[in-house]
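I opened this notebook page to record what I looked up in the structure shown here. The entries run from one site to the next and then to the whole chain.

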Amino acid sequence: MERVPILKIGDILLVSIQVDMSDQTAVALQEDLAERIVATGCHGVIIDITALDIVDSFVGRMLSTIASISRVLDAETVVVGMRPAVAITLVELGLSLNGIRTALNVERGMELIAIDRADDHDDPDDEPVPEPTASP
């Protein structure tokens with residue numbers, strides 16, 4: 001069984017799918033990626049599907065599942081490299097890929113994740129509330 005490589009680039013894991021996704025390969029990828037997110041503490045996952053000419057409902061569901069697993073483990077998922085024909089096919093299949101952001105290429109995907117992380121750190125709801133001081 002082929003395994004999909006997972007590369008760590010800074011705070012991001014890069015998954016480049018270069019093989020046909022069988023059930024076994026997809027399950028192995030989900031497990032491997034979950035383990036790598038926990039082991040590295042990365043907060044971003046980029047899935048590069050540039051090499052995929054055809055995406056069917058199985059691959060669409062697999063991408064959604066990976067995004068859900070990543071989200072539960074506090075990592076944002078961005079799918080990059082989607083060809084126009086693949087986008088059309090996904091829409092025709094009724095697969096909206098909920099919870100998955102897309103970008104044209106890896107560089108833009110990394111920018112999206114960086115912006116999201118910066119927004120999370122700038123969220124005023126996350127700021128500690130100052131303790132009330134007693135007045136004399």
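**Entry 1: the surface patch**

I located V38 in helix α1, residues 23-40; helices (H or I, at least four residues) and strands (E, at least two) are DSSP runs, numbered from the N terminus. The model is predicted, so I note that local features need pLDDT of at least 70, side-chain atom pairs count only at pLDDT 80 or more, and totals for chains, interfaces and linings use all residues. Residues are numbered from 1 along each chain as its sequence is written, and side-chain values use heavy atoms, with hydrogens and water left out.

V38 counts as exposed because its relative accessibility is 60%; the classes are buried under 20% relative accessible area, exposed over 50% and partly exposed in between, with a 1.4 Å probe and protein chains only. I found that V38, V72 and L73 make a nonpolar surface patch of about 290 Å². Patches are made of residues with over 30% relative accessible area and no salt bridge, where like charges are joined within 9 Å and nonpolar side chains (Val, Leu, Ile, Met, Phe, Trp, Tyr) within 5 Å. Accessible areas come from the Shrake-Rupley method with a 1.4 Å probe, and for residues only the protein chains shown count as cover.

**Entry 2: three strand residues**

I placed L7 in strand β1, residues 6-9. L7 is partly exposed because its relative accessible area is 48%. Not counting residues up to four places away in sequence, L7 touches I12, L13, L14 and R36; contact means heavy atoms within 4.5 Å.

I next took T77, in strand β4, residues 76-80. T77 counts as buried because its relative accessibility is 2%. Beyond four places in sequence, T77 touches V45, I47, I66, A67, S70, I100 and R101.

I then turned to D48 in strand β3, residues 44-48. Which side chain of opposite charge is nearest to D48? It is R83, 8.5 Å away, and the buried D48 has no salt bridge, defined as a side-chain nitrogen of Lys or Arg within 4 Å of a carboxyl oxygen of Asp or Glu. Lys and Arg count as positive and Asp and Glu as negative, while His and the chain ends are not counted.

**Entry 3: the whole chain**

I recorded four helices and five strands, in the order β-β-α-β-α-β-α-β-α along the sequence. Of the 136 residues, 38% count as buried.
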